[in-house]
Amino acid sequence: MARRVLGVVLTVVAVAACVISSIFVFSAQGYLPATKEFDPTWWSTLGFLTGIAAAVMLCWRHKWPELVLGIALVPPLCFRSDALAALVALAALAAHRRDRLLWTGSVLVYIATAWALFGDANRHPDVTIAGQIVGKQLSAVQVMGTLTVAVVMTAVPLTVGVVRGMRDTIAIREAKEEELRAEMTRRAERTRIAREMHDVLGHRLSLLSLQAGALEVSKGPATTEAAKTVRTTARQSLEDLRQVIGVLRDGQGFGENGENGSHPEPPQPTLADIPELVANARRAGLGVNVTILLDDAGGAPALLGTTAYRIVQESMTNILKHAPDAAAEVSVRGGPGNGLTVEVVNPLPAMAAGKPPGAGAGLTGIGERVTLIGGNVSAGPTEEGTFAVRAWLPWGHH
């Protein structure tokens with residue numbers, strides 16, 4: 001708003017200055033030194049009218065800079081009138097263009113300015129302004145002075161226009177960069193949500209699949225417990241899915257988690273949640289041996305705990321998919337200063353089955369998580385006939 005008001009004020013000042021300048025030149029052209037009277041000719045009157053028209057056209061100098069400059073050049077070049085409107089129009093052209101047309105316009109404005117100054121310098125001494133600067137008598141000094149003053153008068157609006165154009169270009173570029181950063185933030189948040197859903201739903205649906213298989217062959221009290229686990233896991237999966245669909249449907253709130261965000265960040269798992277994760281897998285029928293040796297587990301950074309939890313979760317999900325009858329060895333060790341080591345090992349299945357949908361995405365997600373906090377991870381078959389996921393995470397502030 002302030003910039004718009006300033007623009008209006010500058011336009012009013014520029015138009016007013018050009019009108020006053022045209023009136024002065026018109027009066028000087030019609031001045032009769034002998035009688036000290038005013039007797040304009042039709043030619044000077046026509047020049048005055050075109051000068052007023054050029055002054056009024058300055059209101060649209062930023063909308064049509066080329067046209068306005070062309071009109072503003074008519075009075076000084078054709079009628080030897082003042083060139084102030086052409087100088088103002090040149091600043092507007094320089095703010096919009098950086099090409100050959102700008103330099104052509106600059107040369108024409110320079111010629112028009114020099115021609116107007118030379119004409120004013122050789123008028124009667126009583127009505128000349130330029131003569132006070134470059135001399136009132138025709139001479140080499142007057143010509144050189146006129147050319148020099150014209151250079152300065154042309155350079156000032158040209159420089160002002162170029163600087164303004166650069167500022168506008170930088171402002172537009174910064175706005176585009178800000179928009180790009182916002183889009184990248186939204187995209188990163190979508191990726192994060194997709195990764196979270198892959199980890200959580202993938203694990204729970206794998207438990208569902210294992211429990212459903214157990215229901216097919218089990219009898220007695222074990223069937224009731226398995227059905228209860230299936231029902232609980234299905235309900236939790238549906239709640240997670242409903243939540244993420246709501247966020248993606250709204251298309252808002254990405255990166256705005258917290259008290260002021262549209263979608264508060266749900267509680268993230270920590271190192272303390274790993275035993276419950278293992279217990280759920282055991283209840284689903286997966287054989288898991290776990291070793292957890294942690295120093296100051298309560299003081300672990302939140303992101304470190306979440307990353308370690310997701311590594312164990314995704315590793316057990318892969319075991320449920322590819323080797324549901326295998327026994328897994330889970331080891332979580334570390335503390336401040338030494339970092340955190342997470343290792344999940346299971347025997348390779350006797351016969352490799354076809355890849356399930358989404359195979360490989362979980363390990364990619366693990367790699368992205370570990371890289372994000374500056375750790376390293378390896379995953380793959382070993383010489384001992386096992387499949388091992390080993391990760392080291394720095395224990396620091398994330």
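## Basis and overall make-up

In this predicted model, local features need pLDDT of at least 70 and side-chain atom pairs count only at pLDDT 80 or more, whereas totals for chains, interfaces and linings use all residues. Residues are numbered from 1 along each chain as its sequence is written, and side-chain values use heavy atoms, with hydrogens and water left out.

The chain contains 11 helices and seven strands; helices (H or I, at least four residues) and strands (E, at least two) are DSSP runs numbered from the N terminus. Of its 398 residues, 38% are classed as buried. Buried means under 20% relative accessible area, exposed means over 50%, and partly exposed lies in between (1.4 Å probe, protein chains only). The accessible surface of the chain is about 22,300 Å², and 63% of that belongs to carbon and sulfur atoms; areas come from the Shrake-Rupley method with a 1.4 Å probe, and for residues only the protein chains shown count as cover. Among contacts (heavy atoms within 4.5 Å) with a separation of 6 or more, 67% join residues 24 or more positions apart.

## The second largest pocket

Rolling a probe the size of a water molecule over the atoms shows where empty space is left. The search uses a 1 Å grid over the protein atoms alone: a cavity is a set of points where a 1.4 Å probe fits but cannot get out, and a pocket is an open set with protein on both sides within 12 Å along at least five of seven lines. Lining residues have an atom within 4 Å of a point. Grid points are joined across faces, edges and corners, and a volume is the space filled by probe spheres set on the points.

The second largest pocket has a volume of about 720 Å³. It is lined by 25 residues, of which Gly7, Leu10, Arg61, His62 and Arg164 are the closest to its centre. Helices H1 (2-29), H4 (84-96) and H7 (140-217) each contribute at least two lining residues, and H1 provides the largest share, 10 residues. By class, the lining of this pocket has 15 nonpolar, four polar and six charged residues. Here Ala, Val, Leu, Ile, Met, Phe, Trp, Tyr, Cys and Pro count as nonpolar, Asp, Glu, Lys and Arg as charged, and the others, Gly among them, as polar.

## The cavity

The whole structure holds one cavity of 30 Å³ or more. The space in the largest cavity is about 40 Å³, and its lining consists of Ser22, Gly51, Ala54, Ala72, Pro75, Pro76, Ser81, Asp82 and Ala85. Helix H2 (42-57) and helix H3 (65-78) each supply at least two of the lining residues, with H3 giving the most, three residues. The lining of the largest cavity comprises five nonpolar, three polar and one charged residues.

## Residues with positive phi

Arg80 is not a glycine, yet its phi is positive, at about 55°. Arg80 is located in the loop between H3 and H4 and is partly exposed, because its relative accessibility is 31%.

Asp296 also has a positive phi, near 60°, in a residue other than glycine. Asp296 belongs to the loop between strand E3 (287-294) and H10. With a relative accessible area of 45%, Asp296 is partly exposed.

Glu329 lies in strand E4 (residues 327-335) and is partly exposed, with a relative accessible area of 40%. Beyond its neighbours within four places in sequence, Glu329 contacts Asn289, Glu343, Val344 and Val345. The C-alpha atoms of Glu329 and Glu343 are separated by 7.8 Å, the two residues being 14 residues apart along the chain. Glu329 and Asn289 form a side-chain to side-chain polar contact at 2.8 Å; such a contact is a pair of N or O atoms within 3.5 Å in which, within protein, one must be able to donate a hydrogen and the other to accept it, and residues adjacent in sequence count only if both atoms are side-chain atoms. Val344 is also in contact with Ser315, a residue of helix H10 (residues 302-322). Ser315 counts as buried because its relative accessibility is 4%.

Trp392 is found in strand E7 (residues 386-393) and counts as partly exposed at 33% relative accessibility. Its side chain reaches the backbone oxygen of Asn338 at 3.1 Å. The C-alpha atoms of Trp392 and Asn376 are separated by 5.5 Å. Leaving aside neighbours within four places in sequence, the contacts of Trp392 include Gly339, Leu340, Val370 and Asn376.
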